[in-house]
Amino acid sequence: MAGKMINLILKVWRQKGPTDTGSFAEYKANNVSTDASFLEMLDVVNEELVTKGDEPIAFDHDCREGICGACGFVIDGEAHGPLKSTTVCQLHMRNFKDGEVLTIEPFRSKAFPVIKDLMVNRSALDRIITAGGYISTNTGNAVDANANLVPKADADEAMSSATCIQCGACVAACKNASAALFTSAKISHLSLLPQGQVERKDRALRMVAAMDAEGFGSCTTTGACEAACPKDISLVNISRMNREFLVANVTKQPKHQDGGAG
Amino acid sequence: MSKLDSKIPSGSIESKWQNHKFSSKLVNPANKRKHSVIVVGTGLAGASAAASLGELGYKVKAFCVHESPRRAHSVAAQGGINAAKNYQNDGDSVYRLFYDTIKGGDFRAREANVFRLAEVSANIIDQMVAQGVPFAREYGGTLANRSFGGAQVSRTFYARGQTGQQLLLGAYSGMMRQVDLGNVELRTRREMLDLVVVDGKARGVTVRNLVSGEIESYEADAVVLATGGYSNVFFLSTNAMACAVTAAWKAHKRGAYFANPCYTQIHPTCIPVHGENQSKLTLMSESLRNDGRVWVPKVQGDKRHPNEIPESERDYYLERVYPSFGNLAPRDVASRQAKYRCDEGRGVSETGRAVYLDFADSIKRLGQDKISERYGNLFQMYDKITGDDPYKMPMMIYPAPHYTMGGLWVDYNLESTIPGLFVAGEANFSDHGANRLGASALMQGLADGYFVLPSTIGNYLGGTKLEKISTTHDAFKFSADEAKSEISKLMGIKGNRTVDSFHKELGNIMWEYCGMGRNKEGLKKALELIPKVREEFWNNVRIPGDANYINTELEKAGRVADFLELGELMCQDALEREESCGGHFREEHQTADGEALRDDKNFCHVAAWEWAGTNKKQSLHKEELTFENVHLATRSYK
């Protein structure tokens, strides 16, 4: 892993706050080690800015291991940059050439308002989860973990859907800013498991309604989301969500208002 | 010393928790609605506590520093979670998990707490499965297990290499359900800057809204801190960038004792440092040692490509030194051995500070598909970071700060020395002694949040007379004013150095003198250096921008200011503890073959430190540890 040094020119979106109009500013990133990550490259630029008394470029980040989902912005039009299956924190500078000019801007979507520079508010995704993206079981109610057997293939498939990190790249990559890939991954994860069956229909209806209410666009199945997803969440999830939603809609039962027994 | 009453229930070790629950006071359902509890931090411990307390009917106010609670650093745990299920029929039991944890912690943990942890471990797996966590399964549909360091049974449950993520999503979804039901109020992008104490009891928090910059006050009947560990005192660690001691440290300054700060875990298998501008280190899960073999060349300075070094010229040193545990020796032991090999000049990589973790034998035995199924995402991560393919050549790894066993002192109820302040997960000191075994952090976080706190907080609320208060109380105003004045002070320095430059300087001191090996001379030197760095920080740090909107440099500055105080206490504690135990290795105290040499006569205690004021030496309180079930013995993994 012998690194070399490269120089880059960055055109970065700077926006002071949610109501500011924002614009691009140009920075030089000199002597960047090709072993550094993209965020470490920005750290170096920021150290220089701070030393000069300027405000550093604000971006969300935390684990820097590609798992927390906090980081994410657009590099030259691509969410999380050019490397497939990779978050920006795991994107290393060896993937760039000396002298390159890079345009860096935040994820753009009506549902993700910019709060500063490259930081956006993605709490809409949390609200979709709040609308039924869970299994209703109180602590202390669980039966022995091996009491319900789960076929390995189902568990593996559920796991693949559950690896979504909620970064929002799917929304940023979609021309309609749809959150279908994100929402469908959670619906899939829970509908594939026996534990998720009881609330399966209600969950599909509520989560889809919550997604629409947040102002995300419709899915037209172009697959741009799948291509941008750093965790390889498959488009199959969206088909599954559509089927779950359809079945739930046509077999919906009227709500009973009766009280419980006793 | 009356303050350090551990409140361990009487009775046999097997009956303590059951008896304690039965004798605890209860709060009736109608009254639960009248009580509020603040939970700071939404990792495994915080999210599971918030969910469970919400289910019980308490009004919960949850806070996290991130934009979403699911970003908490528990998400990054890779390998797995231990539980005494004995699904493998390999001789596991609650008692064995208890025994392994006490021994793994080098006999510096409290027996009663550890037994309870082992006891509830099986319930955690049941609970997480019920919430839809997609653990790995066998073809028959039953749950799969893998092995972890410090144990000779297979008791670790896992979800590929993303167990922490899946467990956190389970706990997070449980909490979001309570948000949906209106029992939990969630506030994100808030950083706790102070604990509010009224009449000697924890009654609220002062937080900074990281988006608006406003200082906000929140009141409650009890406060839970689940704010993680302090490995970032080393600057470079496997912790996430926002991991900080701030919340715990502010509580410490309000009267909560800080226990065993020198017990830090240096994890043996991390990707080595690549250069000056590195921002953090990345862990490669301990689970890799199930199938990977650790080695260095037999001779010094062997610069050949690893694949060209024949078997006979390799030293599989863990297998050689610890034949019965081999590559699955506990973390502190494996880390020290890697250091010894590099100190001998047999380290690999350009820097000489790395050893090999080799999968060639396992790939030959099991096939690449099987290895990929087990560790695919870890191999991919390694490849992305280093540019090397671990299917084709061995990984290069080196130890790095990863976890802190020390933390706020708590009694059996997880209550600190401030009544009404409870501390859970990595933020407390309670269960891992001087060294944590792999796959036990997730277990402890969830045990605390799901099963311990809901019971012990009920006991507190049911048995304590609490005046009704609001945030108009003077104590809240006073606390908010203090937080504001600290921020103004930081903003007003307008010096010449960046926050990171101070953090790196502190980190270098800590790693050099309070890292894997410590000695009296070095620790004394660190104790001279740290106050100087701290003084310069408060006179020369530069924070651009304003405090009334997002200011990431200001956030970092507040955290580094607290690390600069904590670092000193860690060195003080390390100096005071004239023995070696677990992760605390004092070079003066070792056996002839370089193993940790405990001094049970003088140091079989918890060291709990009481804040004495800025720049004043903290006072030490001791909680004696007694071992009634596990015989105090020298640890051996040979």
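This is a predicted model: local features need pLDDT of at least 70, side-chain atom pairs count only at pLDDT 80 or more; totals for chains, interfaces and linings use all residues.
In chain A, five strands form an open sheet. Their order is β2-β1-β5-β3-β4, and the pairing is mixed. The edges are taken by β2 (23-33) and β4 (78-79) of chain A. Each has a single partner strand, so one side of each is left without a neighbour in the sheet. Strand β1 (residues 5-14) of chain A pairs with β2(A) in the antiparallel sense. Nine bridges join these two strands. In this pairing, A:Leu8 has A:Ala29 of β2(A) as its bridge partner. Helix α1(A) packs on the sheet and touches β1 and β2 of chain A. The direction of α1(A) makes about 105 degrees with that of β2(A).

Helix α1(A) also takes part in the contact between the chains. The contact draws 72 residues from chain A and 68 residues from chain B. On the side of chain A that touches chain B, the elements giving two or more residues are α1 (38-52), β6 (114-116), α2 (123-130), α3 and α5 of chain A. The largest share, seven residues, comes from α1(A). By class, this side of chain A has 30 nonpolar, 26 polar and 16 charged residues.

Helix α8 of chain A covers residues 236-250. At 1.5 Å a residue, its 15 residues should span 21 Å. The end C-alpha atoms of α8(A) are 21 Å apart, which agrees. Within α8(A), the buried residues include A:Asn237, A:Ile238, A:Arg240, A:Met241 and A:Glu244. They cover an arc of only 160 degrees around the axis, which puts them on the same side of α8(A). The cover over the buried residues of α8(A) includes α3 (152-162), α5 (180-191) and α6 (200-213) of chain A. Two of these elements, α3 and α5 of chain A, also give residues to the side that touches chain B. The face of α8(A) turned away from the buried side carries exposed A:Leu246, A:Asn249 and A:Val250.

In chain B, helix α15 covers residues 520-540. Its 21 residues should span 30 Å at 1.5 Å a residue. The end C-alpha atoms of α15(B) are 30 Å apart, in agreement. B:Leu523, B:Ala526, B:Ile530, B:Arg534 and B:Phe537 are buried in α15(B). Seen down the axis of α15(B), these buried residues fall within an arc of 65 degrees, so they line one face of the helix. An α-helix has 3.6 residues a turn, so residues three or four places apart point the same way. The buried residues of α15(B) pack against α14 (499-514) and α16 (552-576) of chain B. Turned away from that buried side is a face with exposed B:Glu521, B:Glu528, B:Lys532, B:Glu535 and B:Asn539.

Strand β15 of chain B, residues 395-404, is mostly covered. Ten of its ten residues are buried. β15(B) pairs with strand β11 (residues 264-270) of chain B in the antiparallel sense over five bridges. In that pair, B:Thr264 stands opposite B:Thr404 of β15(B). Strand β14 (residues 355-358) of chain B also pairs with β15(B) in the antiparallel sense, here over three bridges. B:Val355 stands opposite B:Ile397 in β15(B).

How values were computed
Residues are numbered from 1 along each chain as its sequence is written. Chains are lettered from A and ligands numbered from 1 in the order in which they are written. Helices (H or I, at least four residues) and strands (E, at least two) are DSSP runs, numbered from the N terminus. The expected span of a helix is 1.5 Å times one less than its number of residues. A residue is buried if 20 or more other C-beta atoms lie within 10 Å of its own, exposed if 12 or fewer, and partly exposed in between; C-beta atoms are placed from the backbone. The arc is that of the directions from the helix axis to the C-beta atoms. Two residues are in contact if their C-beta atoms, placed from the backbone, lie within 7 Å. Ala, Val, Leu, Ile, Met, Phe, Trp, Tyr, Cys and Pro count as nonpolar, Asp, Glu, Lys and Arg as charged, and the others, Gly among them, as polar. Two strands pair if DSSP finds at least two bridges between them. Axes are lines fitted to C-alpha atoms, for helices over the stretch in contact, and angles run from 0 to 180 degrees between N-to-C directions.
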